[in-house]
Amino acid sequence: YLALEGIDVDVYEALPVLGGEVAVGVPEYRMPVAKYNKDIELVESLEAVTIYRNHRVNADRLKEIHAEYDATLLAFGARLSKKVRAKNERPEIKGYWGAISMLDKVNLWNKYAIGSPASNELKDKVVVCVGGGFTSMDVVRCAVREGAKKVIMLYRRDEKTIIRNTTYEEYHEAVEEGVEFIFGASIEDIIDENDELKSVKVNRYEIIPDPDGGKPKMVKIEDGDFFIDCDYLIPAVSQDADLSFLPSEWEIEQTSWRTIKTDGKTYMSSRRGIFAAGDCEYGPMTIVNAVGQAK
């Protein structure tokens, strides 16, 4: 939109491909990348647009950009997988694999032949995913496609809620593909041997509806704990924005959700000339919302 107004725009893209989370987070079976690339090619064809791939910005680089340009838009999304809040949860455990990183690997190979197949890691393995939204659905359905022997989704709430969070079709297609769903369940502890994942301890909950229509009550079932032997644990409960590259001396205001706070109209942050839009401003949301904010 800026280029169409005659404004020169440079894009610094951290990934080797263009399109952000739609490119590397949304699987090919959900949205064929060839159609998406047609839109991207139109943007690239505009004379006013210059794109630099594989250009990860840190705090020093951001300060350089801010000094060089008239305006800077931060639109780096929310690409940090939140933890499941279990005991012994450590990213260095072999087999602990964040949803964003896992989907990056799947999609970079399947769509662009970059990297290597995720089947190298997942074929004939037992995969446990924690979540209840579209990202977790993408994880489990991709794991099936990459040859996992068994794929289990753990979700704290019930079947109705997971359908409401996604769609009826999405959930039932996952079931038909062989994904096992365990509702009213959460991980209490992660068991490893020498930093290699071996199993997870799962708590069971009784889901008691609120008579006033509020959020159901979760009551832990005594003696309901059980263990799942697994090769991979993939947290897909939600995502955070990585704000670590913002220069600390700028003291850019943040929301209570640890996203960049803007004025909501021009999308300027608390620092003049620094704007933010999309998931890094609002938190994880839909593609349509992110595009609408950008416009």
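Reply: Begin with one cut-off: a residue is exposed when its relative accessible area is over 50%, and buried when that area is under 20%. Note also that this is a predicted model.

Me: Which residues of helix H8 are buried?

Reply: In H8, which spans residues 168-176, the buried residues are Glu170, Tyr171 and Ala174. They lie on the same side of H8, because the arc they cover around the axis is only 95°. An α-helix has 3.6 residues a turn, so residues three or four places apart point the same way. Tyr168 and Glu176, on the other side of H8, are exposed.

Me: What do the buried residues of H8 pack against?

Reply: Their partners are helix H6 (134-145), H7 and strand E7 (180-183). After H8 comes Gly178, with a positive phi near 110°.

Me: Which residues other than glycine have a positive phi?

Reply: Ala113 is one of them, with a phi of about 55°. Ala113 sits in the loop between helix H4 (99-112) and helix H5 (119-122), and its relative accessibility of 53% makes it exposed. Glu251 also has a positive phi, near 50°. Glu251 is in the loop between strand E13 (239-240) and strand E14 (274-276), and is exposed at a relative accessible area of 66%.

Me: How should I read the nonpolar core?

Reply: In soluble globular proteins, nonpolar side chains tend to be buried together. Here the largest nonpolar core has 27 residues, of which Met102, Leu122, Val139 and Phe181 touch the most other members. Elements giving two or more residues to this core include H4, H6, H8 and strand E12 (232-236). H6 provides the largest share, five residues. A second, separate core has 19 residues, including Ala86, Tyr96, Leu154 and Val200.

Me: What does Leu122 touch?

Reply: Leaving aside residues up to four places away in sequence, Leu122 touches several residues, among them Trp97, Met102, Val127 and Tyr232.

Me: How many salt bridges does a search of the whole structure find?

Reply: The search finds 22. One of them joins the side chains of Glu170 and Arg30, at 3.0 Å from N to O. Glu170 is in helix H8 and Arg30 in the loop between helix H1 (20-24) and helix H2 (33-44), so this pair ties together parts 140 residues apart in sequence. Glu170 is buried, at a relative accessible area of 6%, whereas Arg30 is partly exposed at 30%. Both belong to a network of salt bridges that also links Asp138, Arg141, Arg145, Glu173 and Glu177.

Me: Which residue forms a salt bridge with Lys87?

Reply: The partner is Glu188, and the closest N and O atoms are 3.2 Å apart. Glu188 is in strand E8 (residues 185-193) and Lys87 in the loop between E4 and H4, so the pair ties together parts 101 residues apart in sequence.

Me: Is Arg157 buried or exposed, and what is its nearest side chain of opposite charge?

Reply: Arg157 is buried yet has no salt bridge; Asp158, the nearest side chain of opposite charge, is 7.4 Å away. Arg157 lies in the loop between strand E6 (150-155) and helix H7 (159-165). Its side chain reaches the backbone oxygen of Pro216 at 3.4 Å. Not counting residues up to four places away in sequence, the residues Arg157 touches include Phe183, Ile207 and Met218.

Note on methods. Residues are numbered from 1 along each chain as its sequence is written. This is a predicted model: local features need pLDDT of at least 70, side-chain atom pairs count only at pLDDT 80 or more; totals for chains, interfaces and linings use all residues. Side-chain values use heavy atoms; hydrogens and water are left out. Helices (H or I, at least four residues) and strands (E, at least two) are DSSP runs, numbered from the N terminus. Buried means under 20% relative accessible area, exposed over 50%, partly exposed in between (1.4 Å probe, protein chains only). Lys and Arg count as positive and Asp and Glu as negative; His and the chain ends are not counted. A salt bridge is a side-chain nitrogen of Lys or Arg within 4 Å of a carboxyl oxygen of Asp or Glu. A polar contact is a pair of N or O atoms within 3.5 Å; within protein, one must be able to donate a hydrogen and the other to accept it, and residues adjacent in sequence count only if both atoms are side-chain atoms. Contact means heavy atoms within 4.5 Å. The arc is that of the directions from the helix axis to the C-beta atoms. A nonpolar core is a set of buried Ala, Val, Leu, Ile, Met, Phe, Trp, Tyr and Cys residues joined through side-chain atoms within 4.5 Å.
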